[in-house]
Amino acid sequence: MSPRFRSAFVLLVGGVVLVFVADGLVRTPGLLVPRDFLEYWSAGRVNLRGGNPYHPSELFAEQKRADPTRADAVMMWNPPSALALYMPLGACAPRWAMLLWIGLQLAAVFVACDLLWRAYCPVHRWFAALVALSFVGTWWLVSYGQNTGLLLLGLAGFVHFTKNERPLAAGACAALTALKPHLLAVFGVLLVTDVLTRRGRATLGAGCAVLVLALGIALVANPRVVSQFIAAVRTPEEGAVPLSEWALPVPAYWLRMWLAPGHFWVQFVPCVVACAGFLGYRVYKGNTWAWTHALPLICAVSVLATPYGGWLFDLPILLLPVLWVTARFVRNGTWLPAVAIAWWQAAITVTTYAVPGGLHGYWWVAPAVLVTCLWGRAKC
């Protein structure tokens with residue numbers, strides 16, 4: 001048997017077994033559907049038939065059909081271009097779509113971690129998977145059925161292709177970060193200002209082309225989706241909680257609660273300051289600017305300064321700075337600090353599940369994750 005035939009045979013048998021296992025899971029009555037997954041599935045389903053994916057009653061009708069215990073709608077606030085990704089989900093039965101979605105997110109996390117590790121350390125790639133398994137964001141991403149694995153993959157692809165001088169591919173990957181632009185506002189602003197360089201123009205152009213294509217797909221199914229999104233953000237329908245009323249685990253929210261509880265704009269001040277600071281730093285670095293070296297800090301600051309979001313399931317983005325500092329230790333042959341970082345991340349993960357509470361109460365998790373990055377940077 002030739003190696004190629006043997007590999008094809010193994011893949012075929014493995015695929016058949018996987019389908020049978022998945023079918024068994026789908027048929028299990030006690031299988032729980034992650035809360036946030038249904039917002040993507042229902043939004044894709046509603047937009048696919050030309051409805052309003054930003055209307056709570058339309059989403060709730062689909063979510064209730066998939067989960068009869070659902071008491072209210074979970075809104076989907078991603079930009080309209082994201083619907084090109086969610087519409088294929090909406091075409092599937094909810095439980096099958098859930099398995100595909102979670103599998104996609106996990107694959108995105110592990111592929112992203114491998115790409116990042118290869119960018120920062122040429123050896124011991126298996127350690128990247130270990131860090132991903134211990135990381136708090138990976139577990140909460142799966143628990144809630146969120147989409148942040150794709151944002152991490154976008155960042156990792158951007159790093160990988162930028163390092164290999166392929167700006168078009170880097171820009172196409174960067175487009176994935178537009179699923180939640182508020183989480184990576186600093187990255188987005190710097191990406192736009194990089195248009196002053198030839199490579200930056202190619203990267204930005206490729207990213208914009210991907211987003212335009214995605215938006216076009218969403219518009220084909222529902223030509224009114226852009227106006228529906230704008231209307232929902234300006235005046236949410238009954239049953240949708242406005243962003244200004246969210247209790248959040250981020251410094252910007254607590255700053256607003258301390259200074260001016262009734263003024264939502266205050267939550268954007270840290271983000272604006274962070275963007276301005278990094279713009280100044282970008283100008284200062286000039287031609288010595290290197291995305292691969294700057295991006296870990298950009299991601300860390302972006303998450304800490306985000307005006308909203310920043311939930312536990314948004315934290316897979318922080319795998320970039322965590323892997324960056326861990327890879328530095330491994331590359332230098334100092335394994336003890338690298339293992340200590342993995343154990344610290346695992347301890348954070350266990351603590352978040354062991355200590356119950358509202359999601360907004362986990363304000364300490366992102367700083368705790370980044371403590372090891374600061375410590376590691378000082379030690380390297």
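**Labels and cut-offs**

Analyst: Let's start with a surface patch: Trp265, Val269 and Val273 make up a nonpolar one, with about 310 Å² of accessible area together. This is a predicted model, where local features need pLDDT of at least 70, side-chain atom pairs count only at pLDDT 80 or more, and totals for chains, interfaces and linings use all residues. Residues are numbered from 1 along each chain as its sequence is written, and side-chain values use heavy atoms, leaving out hydrogens and water.

User: Why is valine 273 called exposed?

Analyst: Its relative accessible area is 53%, and exposed means over 50% (buried is under 20%, partly exposed in between; 1.4 Å probe, protein chains only). So valine 273 gets the label exposed.

User: What makes the pair of tryptophan 126 and tryptophan 335 stacked?

Analyst: The structure holds 24 aromatic pairs. In this one the rings sit 5.8 Å centre to centre with 10 degrees between the planes. Ring centres of Phe, Tyr and Trp (its six-membered ring) must lie within 6.5 Å to pair; planes under 30 degrees apart are stacked, over 60 edge-to-face, the rest tilted. Tryptophan 126 lies in helix 6 and tryptophan 335 in helix 17, so the pair ties together parts 209 residues apart in sequence. Helices are DSSP runs (H or I, at least four residues), numbered from the N terminus.

User: And why is tyrosine 253 with tryptophan 254 edge-to-face?

Analyst: Their planes are 75 degrees apart, at 5.0 Å centre to centre, which means edge-to-face by the angle rule. Tyrosine 253 is buried at 11%, while tryptophan 254 is partly exposed at 39%.

Terms used: Patches are made of residues with over 30% relative accessible area and no salt bridge: like charges are joined within 9 Å, nonpolar side chains (Val, Leu, Ile, Met, Phe, Trp, Tyr) within 5 Å. Accessible areas come from the Shrake-Rupley method with a 1.4 Å probe; for residues, only the protein chains shown count as cover. A salt bridge is a side-chain nitrogen of Lys or Arg within 4 Å of a carboxyl oxygen of Asp or Glu. Helices (H or I, at least four residues) and strands (E, at least two) are DSSP runs, numbered from the N terminus.
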